[in-house]
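Please open the model in your viewer and keep the selection panel at hand. The stops below are meant to be taken in order.

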Amino acid sequence: MTNQNIGKHIIAILMDVVLLCSCSRKSGWQLVWQDEFNGNTIDYTTWSHCDRGKADWANTQSADPRCYEMRNGCLVLKGIVNDNLEADTAHYLTGGIWSKGKHAFDCGRIEVRAKLQGARGAWPAIWLLPFDTEKYRWPNGGEIDIMERLNHDSIAYQTVHSYYTLNLKMDNEPPHYATGAIRPDDFNVYGVDIMPDSLVFHINGKRTFAYPRIQTDKEAAAGWARSTPKNYLWRWKSTG
């Protein structure tokens with residue numbers, strides 16, 4: 001990717017993350033937590049900057065303050081060209097936050113309102129991963145992708161990953177992902193309902209697909225179905 005492609009202000013604007021609780025399909029939803037990012041700084045009692053890692057999604061993550069901005073009630077995550085390769089060898093620096101070790105999410109509905117600026121090589125995402133990552137090494141604890149968008153796409157991907165889908169190659173029994181139309185240049189609401197028997201995904205209130213609890217005698221294959229509270233991970237990634 002060239003500087004012209006990524007520029008200095010490839011941004012994902014994230015706003016209004018909420019958790020609503022009701023594991024009964026007959027009951028209404030009750031708001032139990034939200035973060036509207038309307039302060040002057042990120043709430044570090046809930047969030048931390050994502051760690052740099054070797055995985056593709058993590059190898060440009062940075063705590064550089066230029067990758068973060070609070071603007072008009074929004075958290076802005078940016079991808080920027082690294083102008084100091086002596087201090088950091090990554091050619092691009094990208095912002096990301098997660099609730100690892102601080103805040104867990106369990107049964108209920110999770111929604112996030114986000115605006116994603118398109119660019120060649122852009123890969124913003126909103127995931128749920130096991131809260132106890134030491135006990136449940138990926139992919140054994142499962143991964144719930146509430147949103148992934150590539151480049152300038154007018155669709156977003158919503159996906160379930162687990163030992164069952166990856167190690168056992170059972171990614172189409174049942175199908176483990178779907179796409180939904182988005183407004184590419186506007187805010188969209190991405191969500192998932194975590195039920196005892198299924199995950200139900202939706203975009204702007206329209207259901208995209210449901211993924212059932214997998215009936216298996218192999219504990220590792222159960223993936224998300226195990227009772228494992230999840231941590232929230234938002235990140236901006238530039239893939240080149």
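How many disulfides does the count come to? With a disulfide taken as a pair of cysteine sulfur atoms within 2.5 Å, the count comes to 0. Before selecting anything, note that this is a predicted model, in which local features need pLDDT of at least 70 and side-chain atom pairs count only at pLDDT 80 or more, while totals for chains, interfaces and linings use all residues. Residues are numbered from 1 along each chain as its sequence is written, and side-chain values use heavy atoms, with hydrogens and water left out.

Select Cys50 and Cys74 next: Cys50 is buried at a relative accessible area of 5%, and Cys74 is buried at 8%, where buried means under 20% relative accessible area, exposed over 50% and partly exposed in between, using a 1.4 Å probe and protein chains only.

Now select Tyr190, Val192 and Leu199, the residues with the most contacts inside the largest nonpolar core, which has 37 residues. Such a core is a set of buried Ala, Val, Leu, Ile, Met, Phe, Trp, Tyr and Cys residues joined through side-chain atoms within 4.5 Å. The strands that each supply at least two residues of this core include β5 (74-81), β8 (108-116) and β13 (188-194), strands being DSSP runs of E, at least two residues long, numbered from the N terminus. The largest share, 4 residues, comes from β8.

In strand β5, select Val76, which is buried at 0% relative accessibility. Phe37 lies 39 residues from Val76 in sequence, yet their C-alpha atoms are 9.6 Å apart in space.

Return to Cys50, which belongs with Trp57, Ala125 and Leu129 to a second, separate core of 8 residues.

For the last stop, select Trp57, Trp127, Leu129, Trp138 and Glu143, which lie nearest the centre of the largest pocket among its 27 lining residues. On a 1 Å grid over the protein atoms alone, a pocket is an open set of points where a 1.4 Å probe fits, with protein on both sides within 12 Å along at least five of seven lines, and lining residues have an atom within 4 Å of a point. The elements giving two or more residues to this lining are β9, β10 and β11.
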